[in-house]
Amino acid sequence: MGSTNSTLSKIPNVEELMQETGFTPAHIVRLYDRFEALDKEKTGHLRPQDFGAINRLAMNPIGDRIIGAFFSPGQETVDFHSFVRILAHFRPADKKRPKDPSMPEPVNSRTSKLKFAFQLYDQDKDGKISRAELLQVLRSMLEMQVTEEQLESIADRTIQEADLDKDDAISFEEFRKSLEKVNIDHKMSIRFLR
Amino acid sequence: MNHTPGFKILSQSSEMLTLFGSHFLYVSRTLSLVSLCSPTVVELNHSLTSVIPESALLIIIGWILGGIIYGADKMQTFTLTPTVFFFYLLPQVILDAGYFMPNKLFFSNMGAILVYAVIGTCWNAATVGLGLWGCWLGGAMGDIDIGLLQFLLFGSLIAAVDPVAVIAVFEEVHVNEVLFIMVFGESLLNDGVTVVLFNVFDAFVSLGGAEIDAVEIIKGIISFFVVAFGGSLVGIIFALLISLLTRCTKNIQIIEPGFIFILGYLSYLTAEMLSLSAILSIVFCGICCQKYINANMDERSVTTVRYVMKVLANGSETIIFVFLGISAIDPAVWVWNTGFILLTLLFIFVFRFIGVFLLTWILNKYRLVPLEFIDQVVMSYGGLRGAVAYGLVAMLDENKFKEKNLMVSTTLIVVYFTVMLQGITMKPLVTWLKVKRAAVTELTLAEKIQNRTFDHMLVAIEDISGQIGHNYMRDKWHNFEERWLCWFLMKPSARKSRDYIFNIFHQLNLKDAMSYVKEGERRGSLAFVRNETKADVDFNKKFRASFSEIMPDIMADNMGPDHVPLSSILQDIVPSVCLDMHEQDLTMRESEDFNAHHLLQQHLYRGRKQHRHRYSRSHLETNRDENEVQEIFQRTMRSRLESFKSAKMGVAPAKKIQTKHQKKDKPQKMPNGNSSDKSKNHPYGDKGTCSLLFTSLLGHQPPVVCIIIQSHSKAISRICLILENRLD
């Protein structure tokens with residue numbers, strides 16, 4: 001598929017990107033090809049329409065939220081670096097990495113993954129999942145036959161289970177605690193193909 | 001012109017029928033026998049069949065029946081003769097397997113499947129044959145009149161994994177897709193190898209040991225390629241024939257299903273006639289034609305084909321297993337040689353494990369998603385032998401093979417062992433292996449919801465990053481197929497409606513039209529629909545009341561029941577609210593808890609199928625997934641439209657779009673999202689949403705979209721019109 005090096009040289013700051021995200025050159029090339037395939041107008045940036053062209057996302061209940069997660073607040077476009085950075089959250093965690101407290105948290109660690117998931121819920125970015133936000137997510141993930149009252153009761157129960165400081169909202173710490181038994185690395189990783 | 005292919009096929013099929021007619025009496029007796037068995041099996045308690053696979057039960061029934069017949073006739077009048085098996089019973093099963101094969105999964109794992117089928121079967125055959133020969137030389141089997149070549153022949157026929165048995169056992173056990181397709185694909189494709197090995201060794205035995213030299217061996221290897229590829233080619237040619245035929249049968253739809261079966265069977269017979277691999281032929285015929293005939297044929301024909309296929313395959317499978325049981329009750333056949341039988345069992349079991357692990361170890365170096373240890377264990381354990389082995393062994397010539405009866409007995413015992421013992425223990429094994437790794441605790445609500453969110457998230461990320469499917473070869477094939485094959489093989493009308501999203505849109509419209517009519521009839525006439533002011537209130541839907549306010553202009557252009565506006569996408573029937581549950585909740589916390597869990601269990605959308613058993617003998621996939629997909633699609637489109645609409649309403653509409661157009665200096669057709677939009681709450685901004693909405697609806701057809709955006713006030717209604725035209 002062409003020489004890896006020629007494609008890599010087209011991307012600025014590739015070394016830094018690889019260091020930060022932990023992707024191998026082959027991964028980066030793959031992702032770059034995908035980025036270019038999505039970027040039909042060849043502007044070097046992705047817009048929401050480009051994501052919208054992926055038909056299957058329309059069939060995903062939280063597809064639109066995921067698309068939104070790629071765009072930082074206020075930004076209209078995604079460049080390749082941000083694209084890769086977001087996708088790097090889904091890399092399987094490196095098992096052999098030594099725990100170095102001075103280095104910043106790697107992008108695909110358990111905490112970072114959980115933060116990403118948290119942000120999907122917390123649309124207004126106030127650091128807490130309020131009841132309304134939870135209701136929104138639940139509404140999109142449950143079939144239309146579920147009534148509003150049922151939805152509210154589920155949301156109430158969920159908050160009750162997770163909310164430890166009784167402020168009727170779920171903070172990141174409470175979120176993390178409620179999921180401590182779940183194997184996040186397994187549930188939030190995909191194998192990036194070479 | 002449309003009739004000449006029909007006539008040719010009719011004449012060919014009439015030849016077949018005369019052949020069939022001579023066996024008719026025989027077959028009818030067997031069918032009546034079996035028709036006694038099938039209802040009993042079906043009525044059996046489901047809990048029994050979940051423990052013991054149906055195939056095992058059928059064999060037991062066969063034993064009982066065989067005993068009755070033997071007792072009555074003092075000899076076995078019914079046995080599974082190779083002719084009946086290979087010509088009347090096996091083709092339906094294999095055609096069914098090919099027609100319902102999940103193509104994408106099959107072809108993406110094709111490399112691994114081929115490795116297991118070809119190299120794995122050769123390995124099995126060689127090791128079993130040589131192992132038995134070594135033990136014979138060592139004297140473990142006593143004194144039998146047999147030689148190396150005969151051992152190798154026996155090895156080759158007992159080595160093949162059997163598709164019928166695999167389906168029968170794996171149907172109850174829901175393993176993940178990849179694992180299933182590996183075993184199943186292997187069982188189908190190894191026929192090429194088995195046929196070649198069998199014929200080659202048969203010829204060698206006839207020649208005698210002295211005549212074999214390098215030339216013969218090379219001839220054998222070449223014949224493998226010829227048989228395998230020739231068989232597949234025959235199948236593909238027939239698939240093309242079937243697809244072309246269905247393309248031309250617009251006016252005589254009633255005979256379409258008949259053609260499928262006749263031509264499928266013809267492909268089998270043709271390959272058999274040319275001494276090529278018949279199973280490969282019919283498998284590839286089914287695999288290659290399924291897409292085109294499903295698109296070309298009328299829906300009723302498609303349903304007919306699917307059901308008849310299942311009926312025939314079920315019937316054949318039942319008959320095969322019952323016969324396998326009956327054939328055992330024949331003392332003339334039984335020769336017992338402890339060493340031979342036990343060693344065979346041991347060797348096929350052990351060498352299968354070794355073979356699978358070895359090959360998987362090699363494959364995992366090249367595979368993108370490696371096969372795990374547990375999968376390998378299940379794959380080795382799932383190497384079941386079945387009726388094909390029995391059919392082959394029954395075909396042996398007694399004069400050349402003095403020990404034919406011994407081989408027959410051994411084969412029967414091997415088949416019983418694998419189908420019954422391994423079949424019964426397969427499910428417990430699978431559950432036990434999995435349970436060992438996962439913790440068994442009750443999930444909290446938060447975990448349940450979150451798990452499902454993760455599923456959806458992963459699916460979305462996979463789609464975005466194009467992980468699965470973004471493959472150079474696959475893209476090339478896809479493009480080739482779109483351009484040439486579909487043009488050649490599909491009806492023009494079928495081609496147009498192939499766009500998946502389009503299909504869903506069309507179905508949504510149909511559904512809404514139906515609901516309009518129903519509602520109209522309920523109210524006495526359809527006149528109410530024409531009354532705009534009432535239309536948005538009468539449908540008492542959730543989420544919809546708010547919409548009727550923001551979209552008055554949509555209703556304004558409502559032109560009657562046949563004109564289905566875009567808003568109809570947003571409406572669907574919601575059953576009336578059951579408030580009783582709410583009252584109960586106030587009183588009992590436990591019931592509330594339980595209800596919440598139950599609700600989640602029932603109503604959470606499932607992620608895209610990742611670990612779901614796709615192939616089943618008795619269950620045709622119902623459309624639950626399609627309902628879910630439609631709902632999700634509706635919702636997504638609605639929310640995108642909503643954000644578009646509310647963004648449009650929020651700012652002075654006319655000015656906004658005008659300025660956007662003026663800002664554009666490049667003569668671009670598609671509205672660009674480059675504008676600085678203040679839409680914080682909406683991830684897309686209004687224009688983005690609109691073009692997003694339409695890009696996804698129409699595929700990639702920007703010119704249509706741009707014309708629409710230019711005049712916003714009647715924008716939505718114009719969209720409807722244009723989309724309406726496209727639907728015709």
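Which are the buried residues of α6(A)? They are Phe80(A), His81(A), Ser82(A), Phe83(A), Val84(A), Ile86(A), Leu87(A) and Ala88(A). Buried means under 20% relative accessible area, exposed means over 50%, and partly exposed is in between, with a 1.4 Å probe and protein chains only. Helices here are DSSP runs of H or I with at least four residues, strands are runs of E with at least two, and both are numbered from the N terminus.

Before I go on, a word on the source: this is a predicted model, in which local features need pLDDT of at least 70 and side-chain atom pairs count only at pLDDT 80 or more, while totals for chains, interfaces and linings use all residues. Residues are numbered from 1 along each chain as its sequence is written, chains are lettered from A and ligands numbered from 1 in the order in which they are written, and side-chain values use heavy atoms, with hydrogens and water left out.

Back to the helix. Because eight of the nine residues of α6 (residues 80-88) of chain A are buried, this helix is largely enclosed by the rest of the structure. Its buried residues pack against α2 (14-21), α3 (25-38), α4 (48-52), α5 (63-70) and α7 (110-121) of chain A, together with α19 (445-465) of chain B.

Now chain A as a whole. It has eleven helices and two strands, and along the sequence the pattern reads α-α-α-α-α-α-α-β-α-α-β-α-α. Of its 194 residues, 54% count as buried. An unreviewed UniProt entry gives the annotation "domain: EF-hand" for residues 109-144 and 150-185 of chain A; such positions are given in the numbering used here, feature names are shortened, and annotations may be inferred rather than shown by experiment. In the model, residues 109-144 of chain A are 64% helix and 8% strand, with the end C-alpha atoms 35 Å apart. For residues 150-185 of chain A, the figures are 61% helix, 8% strand and 32 Å between the end C-alpha atoms.

Chain B comes next. Its secondary structure comes to 33 helices and zero strands. Of the 728 residues in chain B, 52% are buried.

What does the largest nonpolar core look like in numbers? It has 147 residues, and those with the most contacts inside it are Phe85(B), Leu90(B) and Tyr116(B). Helix α10 (residues 177-207) of chain B gives the most to this core, with 16 residues. A nonpolar core is a set of buried Ala, Val, Leu, Ile, Met, Phe, Trp, Tyr and Cys residues joined through side-chain atoms within 4.5 Å. A second, separate core has 69 residues, including Leu135(A), Ile154(A), Leu445(B) and Leu604(B).

Let me take Phe85(B) on its own. Leaving aside neighbours within four places in sequence, Phe85(B) is in contact (heavy atoms within 4.5 Å) with Leu80(B), Leu90(B), Pro91(B), Ile320(B), Ala387(B), Val388(B) and Gly391(B).

Is Ile242(B) buried or exposed? Ile242(B) counts as buried because its relative accessibility is 1%. Not counting residues up to four places away in sequence, Ile242(B) touches Ile260(B), Leu263(B), Gly264(B), Cys285(B), Cys289(B) and Ile293(B). Gln290(B) is 48 residues from Ile242(B) in sequence, and their C-alpha atoms are 9.6 Å apart.
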